[in-house]
Amino acid sequence: MTTDLRKEGSYDDDGYSAAAREDTSVRGVLSPSDWGSTFGESVFNAGGGADSTVVVNQHTPSEANKDESNKKNKNKNSPTTSSKRSSWKLFQWWSDFVSRASRSATSLLNQHSPNLNDILDGNEENPLAAVDERRRVEPSIPEDNDEVFALLEEVAMLKKRIEELENEANNNANSDSTLHLENADDIPIPSIPPIQMLQPDQISRYSRQLLLNDGFGVSGQKQLLSSSILVVGAGGIGSTVLLYLAAAGVGHITVVDYDCVEMTNLHRQIIHKDCNASKGVHDSTLGLNKALSAKQAMLDLNPTISCTALDIIITGENALELVSKHDVVVDACDNPRTRYLLNDACILGGKPLVSGSAMGTEGQLTVYNYQPKTSKPETKKKQSACYRCLYPKQVVSEGCKSCSDNGVLGPVPGIIGTLQAVEAIKVVTGIGNVMHDRLMMYDSLHCSFLNIKKPPQKRNCAVCSSTATIKSMKDSAESLEQVRGPSVCALPNSDGLSPNQNITCEDYNNLREEGQLHVLLDVRVTRQFEMCALEGSVNLPLEELVSKLDEVEKLSNGELPIYCLCRRGVASAEAVKILQKAKDDDSAKGIHSVYNISGGLNSWVANVDASFPSY
């Protein structure tokens with residue numbers, strides 16, 4: 001007896017159930033017709049004879065109706081009908097069970113990679129919706145089949161164990177704390193194994209990149225997933241760099257930043273968040289280490305990558321060790337010492353360096369120590385200039401320029417960071433024309449991008465030439481002792497100031513409360529003074545002080561002491577030196593006395609009035 005079971009059992013011409021036909025992962029790995037038909041055939045033979053087989057060959061509708069009519073007439077009073085129906089239920093359940101098991105086998109054994117175009121044709125908005133769709137109705141299971149229940153129990157135990165191992169691996173790769181390290185050898189950067197085949201969920205997540213026809217595609221995505229990138233700085237530039245690299249699917253990202261998130265950061269450092277902290281919401285990252293805050297944001301965006309957050313300062317002791325453990329280095333820092341250290345470490349370690357900076361309304365971008373790949377191995381292009389080639393002399397006074405002093409338009413560092421992410425992706429994948437031989441300058445007020453051709457490396461460069469004097473990171477660190485590092489500009493030593501010319505904010509506040517007459521001279525730039533100022537203060541910017549000594553004399557009138565104030569106590573100390581010198585050489589006889597308020601307005605906020613604006 002030959003029976004067409006496709007209509008009753010909802011199986012198609014290829015032997016797939018409805019669920020299996022929708023599940024694209026089943027087609028490439030396991031097939032109900034391969035597993036289930038043999039089992040069902042044996043069941044039917046046991047229940048009704050040698051002619052009880054499952055037909056999976058194609059029939060026309062008329063032929064199917066004839067077979068169905070013949071089957072009903074022939075088996076109307078057959079004593080084996082109920083036995084066969086019971087056997088068919090067992091076969092149907094077994095085929096559905098195999099269909100579900102094949103989905104797990106696909107993921108675990110990595111034996112199947114769906115065709116991207118086929119998937120996209122099926123569902124443009126969610127390409128793998130069919131793959132992830134679960135059966136809505138569970139098939140009935142024979143109650144008297146102990147073997148079936150034993151198999152189900154084993155499958156459940158294996159599934160639970162797989163979930164435990166996956167959770168354990170995820171927790172190990174992405175711990176929720178920053179790492180405070182004293183020894184560079186302790187830096188735990190995981191090695192990223194090469195990706196051989198994209199998983200279905202990876203195809204879905206990165207599908208719009210895979211569709212690019214400019215050389216990226218599947219091979220480019222595999223290279224990204226197999227790469228590790230070091231990003232130094234999680235501020236305004238680092239915010240967009242990190243988010244876009246994480247979203248693009250870089251296998252591992254290490255972010256380094258010793259600083260903590262402040263309210264003044266949030267207008268440009270968009271990777272961090274406030275989230276109504278003033279209303280009692282506890283998911284703000286204010287006060288949190290920037291590296292850890294950035295790591296949390298990256299994993300929220302793409303939990304499939306791994307991240308390491310390092311709460312450390314780049315030094316001569318750890319720079320080379322850290323750089324050597326990554327494929328590409330991205331410089332998103334805000335101080336010259338770190339820039340020189342990263343440049344030297346990348347030269348000594350043979351790693352490409354993607355460098356970007358932003359200040360005020362302008363920014364710039366370039367790539368150092370990158371050797372383009374050529375079709376002819378024997379053809380080697382000349383190495384372009386490194387950071388020390390372009391800036392061989394460290395100007396100490398320039399090192400004190402920062403966003404906190406000169407300001408920055410929020411989107412500017414974001415644009416530079418986005419461009420850095422693009423260059424880093426190009427370096428990893430080898431697509432496009434990397435900016436290793438050009439320096440790009442961006443002017444936001446004119447919306448202009450200017451590309452300047454970089455010169456070749458200098459013949460006498462201290463680090464990248466054949467006559468280099470910097471041959472180790474110890475040499476590099478020693479050459480940078482007078483260059484500003486990541487900490488704020490320190491208060492100049494007391495040379496030129498007598499011991500009693502510094503006064504604390506607390507003592508000055510007592511003086512104000514007692515009503516002692518004096519002159520409070522605020523030497524900050526005008527735009528900072530307009531933001532906030534202490535009551536009764538007079539603004540005279542430091543750069544105008546020498547040309548306006550007569551105004552200072554009028555304020556003091558030979559009777560009132562002058563107290564100089566700025567934001568951190570740096571500019572005010574310089575003002576005291578200028579005024580004291582003018583008083584001593586009789587060029588400003590009308591000055592009674594002059595004092596420096598130590599720590600400036602920052603100290604005032606911390607020790608006197610917490611409600612005063614901090615910036």
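Start at helix H25 (residues 600-607), where Gly-600, Leu-601, Ser-603, Trp-604 and Val-605 are buried. Buried here means under 20% relative accessible area, while exposed is over 50% and partly exposed lies in between (1.4 Å probe, protein chains only). Those buried residues pack against helix H21 (505-513), E14 and E15. Contact is taken as heavy atoms within 4.5 Å. Helices (H or I, at least four residues) and strands (E, at least two) are DSSP runs, numbered from the N terminus.

A word on what you are looking at: this is a predicted model, in which local features need pLDDT of at least 70 and side-chain atom pairs count only at pLDDT 80 or more, while totals for chains, interfaces and linings use all residues. Residues are numbered from 1 along each chain as its sequence is written, and side-chain values use heavy atoms, with hydrogens and water left out.

Back to E14 (residues 562-565), which is covered on both faces. Ile-562 and Cys-564 are buried on one side, and Tyr-563 and Leu-565 are buried on the other. In a regular strand, side chains alternate between the two faces of the sheet. E14 has parallel partners in strand E12 (residues 519-522) and strand E15 (residues 594-597). Strands count as paired if DSSP finds at least two bridges between them. Val-519 stands opposite Ile-562 of E14, and Cys-564 has Asn-596 of E15 as its bridge partner.

| Pair | Sense | Bridges |
|---|---|---|
| E12 and E14 | parallel | four |
| E14 and E15 | parallel | three |
| E9 and E10 | antiparallel | six |

The E9 and E10 pair belongs to an open sheet of eight strands, with the order E5-E4-E3-E6-E7-E8-E9-E10 and mixed pairing. Its edges are strand E5 (306-310) and strand E10 (448-453), each pairing on one side only. On average, neighbouring strands of this sheet are turned by 15° against each other, direction ignored. Strand E9 covers residues 438-443, and its Leu-439 has Ile-452 of E10 as bridge partner. Helix H19 (residues 411-429) packs on the sheet and touches E3, E6, E7, E8, E9 and E10, its direction making about 170° with that of E7. Angles run from 0 to 180 degrees between N-to-C directions, and axes are lines fitted to C-alpha atoms, for helices over the stretch in contact.

Within that sheet, Val-232 sits in strand E3 (residues 228-232). Val-232 counts as buried because its relative accessibility is 5%. Leaving aside residues up to four places away in sequence, Val-232 touches Val-256, Ile-314, Val-330, Asp-331, Ala-332, Cys-333, Thr-338 and Leu-342. Thr-338 is 106 residues from Val-232 along the chain, yet their C-alpha atoms are separated by 8.9 Å.

Now for a helix pair. H13 (residues 236-248) and H14 (residues 290-301) pack at an angle of about 30°, with axes 9 Å apart. Leu-242, Leu-243, Ala-246 and Ala-247 of H13 meet Ala-294, Ala-297, Met-298 and Leu-301 of H14.

Zooming out, the chain has 25 helices and 15 strands, and 45% of its 615 residues count as buried. Among contacts with a separation of 6 or more, residues 24 or more positions apart account for 71%.
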